Amino acid sequence: MTTDDRGTIDDRGTIEAARAIRPYLTDWFSPQEAAALEHQLVDVLNPPAGLSNPTDPTMLASVAGQLRGLLETRRLTRRFLGDVLADAPYYRPPEHQPRYLRGRNAAGPAGDPGPVLADRYICPHGDYTWYRPDVSTPVGRCPTHQVPLGRN
Ligand SMILES: [Zn+2]
């Protein structure tokens, strides 16, 4: 992996993709494979200094490189990573990007105000991102740290 002017941007996007992909793994893979992949991601997402307020570009590049290696080994996770990076600077999962929502609501009634974007919640330790589908869904906890997610 070479570094260029976009390296830092893609590093942040890759880390965000790894945080945001975790809720999807059990939909895509067997319970065993989902758990194994999540365990690998969690290990990388929790370096000793933490990722909640990352400032060291060398550390970020190292973390992002390891995450990229994990996400590029499987077709579904590779596609997710590409979709998230294409959404810079928001780095949302494809189903929470406006272009996807517009397509899904294309047959809505006339005067439909359009899709409502989901609120984003993150673990204060910086290893988990979750999008709240609607206000009736309770906000959960980080599965790693068992702490409430904060709106971000
Ligand atoms: Zn966490």
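Which residues in α3 meet which residues in α4? The legends below work up to that contact and then move on to the sheet.

**Figure 1. The whole chain, in a predicted model, has six helices and three strands.** Going from the N terminus, the elements run α-α-α-α-α-α-β-β-β. Of the 152 residues, 23% count as buried. Take the contacts between residues at least 6 apart in sequence: 52% of them join residues at least 24 apart.

**Figure 2. Here's a close-up of helix α3, residues 31–45.** With its 15 residues, α3 reaches 20 Å from its first C-alpha to its last, close to the 21 Å expected at 1.5 Å a residue. Its buried residues are L37, E38, L41 and L45. Those residues sit on the same side of α3, because they cover an arc of only 100° around the axis.

**Figure 3. Next up is helix α4, residues 57–71.** At 1.5 Å a residue, the 15 residues of α4 should span 21 Å, and the end C-alpha atoms are 20 Å apart, so the two agree. In α4, the buried set is V63, A64, L67, R68 and L71. This set covers an arc of only 140° around the axis, so its members lie on the same side of α4. On the face turned away from the buried side, T58 and G69 are exposed.

**Figure 4. Now put the two together: α3 packs with α4.** Angles over 145 degrees count as roughly antiparallel, so that is what α3 is to α4. And here's the answer to the opening question: L37, Q40, L41 and V44 in α3 meet V63, Q66, L67 and L70 in α4. Some of these names have come up already: L37 and L41 are among the buried residues of α3, while V63 and L67 are among those of α4.

**Figure 5. The three strands make an open sheet, in the order β2-β1-β3.** The pairing is antiparallel. At the edges are β2 (129–132) and β3 (150–151), each of which pairs on one side only. As a reminder, strands of a sheet pair through backbone hydrogen bonds, either parallel or antiparallel.

**Figure 6. Zooming in on the sheet, β1 (residues 119–122) pairs with β2.** Four bridges link the two strands in the antiparallel sense. To get your bearings, look for R120, whose bridge partner in β2 is Y131.

How values were computed: Residues numbered from 1 in each chain as written. Predicted model: local features only at pLDDT ≥ 70, side-chain atom pairs only at ≥ 80, totals over all residues. Expected span 1.5 Å × (residues − 1). Buried ≥ 20, exposed ≤ 12 C-beta atoms within 10 Å, placed from the backbone. Arc of directions from axis to C-beta. Pairing = 2+ DSSP bridges. Axes fitted to C-alpha atoms, helices over the stretch in contact; angles between N-to-C directions. Parallel < 35°, antiparallel > 145°, perpendicular 65-115°, else oblique. Contact = placed C-beta atoms within 7 Å.
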